[in-house]
Amino acid sequence: MKKLAPLATLLTLLALTLSPAQAQTRAVAIFAGGCFWCMEPPFDKLDGVLATTPGYIGGTKADPTYEQVTSGRTGHYEALQVEYDPTRVSYQRLLDVFWRNIDPLDATGQFCDKGPQYRSAIFAVDDAQRAAAEASKATLDKSGKLPGRIVTEILPAAKFYPAEAYHQDYYRKNPAAYTYYRWGCGRDKRLERLWGPPPKS
């Protein structure tokens with residue numbers, strides 16, 4: 001099993017700078033589900049999610065740019081870092097939202113976006129997250145709800161690089177362009193075929 005020490009150490013140092021109460025009410029989860037613009041909205045809607053940050057993880061180049069990552073040659077994934085209050089929303093709930101918003105059967109990317117940078121993955125920041133993610137994946141695989149085998153990987157978290165400012169909250173800053181892109185990519189049609197109609201908010 002790969003070591004999770006680097007990010008876990010950073011999180012420990014962060015916890016030391018917070019009061020005990022603050023440390024207990026702030027945690028981090030990292031998910032890759034294709035285009036990070038499209039992964040922000042479902043998590044932003046959750047009560048208990050404090051912040052979402054699109055960015056890059058898992059590659060070999062420090063401080064990668066969007067252009068470098070989209071070349072598919074740096075090894076990074078487009079990902080979303082989710083800061084949340086575990087007393088208000090559980091990691092299991094975050095996992096449920098993650099699965100419902102990706103195509104876990106596609107090993108080549110997500111929806112219209114193909115390439116290694118668009119693969120789906122769960123990046124566990126510690127052993128507890130890894131265990132929860134593995135259990136969630138196994139349960140979903142055994143449920144028979146999906147017409148195929150889940151290929152989404154569960155990986156140890158590495159250094160996360162926030163994406164450029166114009167990618168942050170893109171769906172809010174550019175609603176028309178975002179809506180057109182999402183529709184053109186066929187994301188919602190594929191999600192409905194896999195999971196059924198979206199739950200009413």
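This report walks through the fold of one predicted chain, from its overall make-up to single residues.

## Ground rules

The model is predicted, so local features need pLDDT of at least 70, side-chain atom pairs count only at pLDDT 80 or more, and totals for chains, interfaces and linings use all residues. Residues are numbered from 1 along each chain as its sequence is written, and side-chain values use heavy atoms, with hydrogens and water left out.

## The whole chain

pLDDT is the predictor's confidence in each residue, from 0 to 100. Its mean over the chain is 91, and 88% of the residues reach 70 or more. Residues 1-5 stay under 50.

The chain has nine helices and eight strands. Both are DSSP runs, numbered from the N terminus: helices are H or I with at least four residues, strands are E with at least two. Of the 201 residues, 47% are buried. Buried means under 20% relative accessible area, exposed means over 50%, and partly exposed lies in between (1.4 Å probe, protein chains only).

A contact means heavy atoms within 4.5 Å. Take the contacts between residues at least 6 apart in sequence: 78% of them join residues at least 24 apart.

## Strand S3

Strand S3 covers residues 77-84, and eight of its eight residues are buried. In a regular strand the side chains alternate between the two faces of the sheet. On one side of S3 sit Tyr77, Ala79, Gln81 and Glu83; on the other sit Glu78, Leu80, Val82 and Tyr84. Both of these faces are covered.

Which strands pair with S3? S1 does, in the antiparallel sense, over five bridges. S2 (residues 49-57) also runs antiparallel to S3, joined to it by eight bridges. Two strands pair if DSSP finds at least two bridges between them. Glu83 shows both links. It is the bridge partner of Val28, and it stands opposite Ala51.

## Helix H9

Helix H9 spans residues 187-195, and its buried residues include Arg187, Leu191 and Leu194. These three cover an arc of only 65° around the axis, which puts them on the same side of H9. The arc is that of the directions from the helix axis to the C-beta atoms. An α-helix has 3.6 residues a turn, so residues three or four places apart point the same way.

What do the buried residues of H9 pack against? Their partners are strand S1 (27-33), helix H3 (36-44), helix H5 (91-100) and helix H8 (175-185). The face turned away from the buried side carries the exposed residues Lys189 and Arg193. Lys189 has a relative accessible area of 57%. Its C-alpha atom is separated by 9.6 Å from that of Phe111, 78 residues apart along the chain. Just after H9, Gly196 takes a positive phi of about 90°.

## Aromatic pairs

A search of the whole structure finds 11 aromatic pairs. Rings of Phe, Tyr and Trp (its six-membered ring) pair if their centres lie within 6.5 Å; planes under 30 degrees apart count as stacked, over 60 as edge-to-face and the rest as tilted. Two of the pairs are tabulated here.

| Pair | Type | Centre to centre | Angle between planes |
|---|---|---|---|
| Trp37 and Tyr181 | edge-to-face | 5.6 Å | 80° |
| Phe98 and Trp99 | tilted | 5.3 Å | 55° |

Trp37 lies in helix H3 and Tyr181 in helix H8, so their pair ties together parts that are 144 residues apart in sequence. Trp37 counts as buried, at 15% relative accessibility. Phe98 and Trp99 are buried too. Ring pairs also link Phe31, Phe43, Tyr91, Phe98 and Trp99 into a cluster.

Asp106 sits in the loop between H5 and strand S4 (109-110). Is Asp106 buried or exposed? Asp106 is buried, with a relative accessible area of 13%. Its side chain makes a polar contact with the side chain of Thr108, at 2.6 Å. A polar contact is a pair of N or O atoms within 3.5 Å; within protein, one must be able to donate a hydrogen and the other to accept it, and residues adjacent in sequence count only if both atoms are side-chain atoms. Leaving out residues up to four places away in sequence, Asp106 touches Phe111, Lys114 and Val151.

Asp63 lies in the loop between S2 and helix H4 (66-70). Asp63 is exposed, at 60% relative accessible area, and its phi is near 50°, a positive value in a residue other than glycine.

Asp169 lies in the loop between strand S8 (160-162) and helix H7 (170-173). Its phi is near 55°, again positive. Asp169 counts as partly exposed, at 27% relative accessibility.
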